[in-house]
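Open the structure in your viewer and keep the selection tool at hand. The stops below say what to select next and what is there.

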Amino acid sequence: MSVRVRRVYEPPEPDDGVRVLVDRLWPRGLAKDAAHVDERPKVLTPSTELRRWYHAGEGDFEEFRERYEAELAGPEAAEQLERVRELAGKGTVTLLTASKQPERSHAEVLARLLSE
């Protein structure tokens, strides 16, 4: 199983496999055809409230991770998480995010959960 995280603004690479945008909002200034997105499961994105809380600097990454994992435990999110996990079982899945720090974003949390 291969799950990786990349910024959506980086050019697609041949070994990206299935490209999954995991941001709730479409990335600014990026044309849809230039993004080469295969999947966009909005249910796997953090809630608006959680996203705003984290970006306001009210908590640290570990607390964000815990809250986000709790959101992902819901039935609809769990179903989509399993779908992406199945895709990763068949080949590479690249989680795309507009985050400037992908390693401290929800995409990294998702990548870890998918790799378990």
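A residue counts as buried when its relative accessible area is under 20%. Keep that cut-off in mind, and note that this is a predicted model.

**Stop 1: Thr 45**

Select Thr 45, in the loop between helix 1 (32–35) and helix 2 (48–55). Is Thr 45 buried or exposed? Its relative accessibility is 4%, so Thr 45 counts as buried.

Now show its side chain. A polar contact of 3.0 Å joins the side chain of Thr 45 to the side chain of Arg 24. A polar atom of the Thr 45 side chain also lies 2.6 Å from the backbone oxygen of Lys 42. Leaving aside neighbours within four places in sequence, the residues in contact with Thr 45 are Val 22, Asp 23, Arg 24, Tyr 68 and Glu 71.

**Stop 2: helix 2 and helix 3**

Which residues meet here? From helix 2, select Leu 50, Trp 53 and Tyr 54. From helix 3, select Phe 61, Glu 63, Phe 64, Arg 67, Tyr 68 and Glu 71. The residues of this contact divide into six nonpolar, three charged and no polar.

**Stop 3: the nonpolar cores**

Next, select Leu 44, Phe 64, Tyr 68, Leu 72, Val 93, Leu 95 and Leu 110, the residues with the most contacts inside the largest nonpolar core, which has 24 residues. At least two residues of this core come from each of helix 2, helix 3, helix 4 (75–90), strand 3 (92–97) and helix 5 (106–115). Helix 5 gives the largest share, six residues.

A second, separate core has five residues, among them Val 8, Leu 30, Ala 35 and Leu 96.

Go back to Val 93 and display what surrounds it. Beyond its neighbours within four places in sequence, Val 93 is in contact with Ser 2, Val 3, Arg 4, Asp 16, Val 18, Val 20, Val 84, Leu 87 and Ala 88.

**Stop 4: helix 5**

Finish with helix 5. How many of its ten residues are buried? Seven are, and the helix is mostly covered. To see them, select His 106, Ala 107, Val 109, Leu 110, Ala 111, Leu 113 and Leu 114.

Note on methods: Residues are numbered from 1 along each chain as its sequence is written. This is a predicted model: local features need pLDDT of at least 70, side-chain atom pairs count only at pLDDT 80 or more; totals for chains, interfaces and linings use all residues. Side-chain values use heavy atoms; hydrogens and water are left out. Helices (H or I, at least four residues) and strands (E, at least two) are DSSP runs, numbered from the N terminus. Buried means under 20% relative accessible area, exposed over 50%, partly exposed in between (1.4 Å probe, protein chains only). A polar contact is a pair of N or O atoms within 3.5 Å; within protein, one must be able to donate a hydrogen and the other to accept it, and residues adjacent in sequence count only if both atoms are side-chain atoms. Contact means heavy atoms within 4.5 Å. Ala, Val, Leu, Ile, Met, Phe, Trp, Tyr, Cys and Pro count as nonpolar, Asp, Glu, Lys and Arg as charged, and the others, Gly among them, as polar. A nonpolar core is a set of buried Ala, Val, Leu, Ile, Met, Phe, Trp, Tyr and Cys residues joined through side-chain atoms within 4.5 Å.
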